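Reader: Could you walk me through the rings and pockets here, with the criteria behind each term?
Author: Gladly, let's look together.

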Amino acid sequence: MAGKSDWLENAFLDQILGAVSFPVAATVWVALYTTTPSETGGGVEVTGGGYARAAVVNNTTNWPVASTASLTKFNAVSIGYVQASASWGTVSGFAIMSASAAGNMYYFGTLSTARAIEVGDTAQFASRDILITEE
């Protein structure tokens, strides 16, 4: 399950009321966190050990059209990371970001089960592991 960042909530408000458009990224990056971010950002993103955010082309093949019945969206493809060359710590959260470094956070969430990523491990989200729900 994922929450929406304050940045994204404000961007939606400006888009709908005031017609201030914001660019939609052609690629989004999924970041891993040892301390989960919140609506306002923050959190502690994994660093070192070969870690890099996972790039996902932002299209309806990878992120199928939202269900009108359940107001949900999910990843339809596996999202993988390089093999850790050093400990990444215990990963407990994720965020969907607008850039490969820094950038704006779109959505964030807590993993259902935190996982220690050690040397030689490979982190991955299977298809449908990331679920985003609107109310």
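Reader: Which residues lie nearest the centre of the second largest pocket?
Author: Leu111, Thr113, Gln124, Phe125 and Asp129, out of 15 lining residues. This is a predicted model, where local features need pLDDT of at least 70, side-chain atom pairs count only at pLDDT 80 or more, and totals for chains, interfaces and linings use all residues. Residues are numbered from 1 along each chain as its sequence is written, and side-chain values use heavy atoms, without hydrogens and water.

Reader: What makes a residue part of the lining of a pocket?
Author: It has an atom within 4 Å of a pocket point; on a 1 Å grid over the protein atoms alone, a pocket is an open set of points where a 1.4 Å probe fits, with protein on both sides within 12 Å along at least five of seven lines. Strand β8 gives the most to the lining of the second largest pocket, with six residues; strands are DSSP runs of E, at least two residues, numbered from the N terminus.

Reader: Why is the pair of Phe94 and Phe125 called edge-to-face?
Author: Rings pair if their centres lie within 6.5 Å, and planes over 60 degrees apart count as edge-to-face. Here the centres are 5.6 Å apart and the planes are at 70°, so the pair is edge-to-face. Phe94 lies in β7 and Phe125 in β9, so the pair ties together parts 31 residues apart in sequence.

Reader: How do you know that the charged end of Arg128 sits over the ring of Phe74?
Author: The rule asks for CZ of Arg within 6 Å of the ring centre and within 35 degrees of the ring normal. The charged end of Arg128 is 3.9 Å from the centre of the Phe74 ring and counts as sitting over it.

Terms used
Rings of Phe, Tyr and Trp (its six-membered ring) pair if their centres lie within 6.5 Å; planes under 30 degrees apart count as stacked, over 60 as edge-to-face and the rest as tilted. Helices (H or I, at least four residues) and strands (E, at least two) are DSSP runs, numbered from the N terminus.
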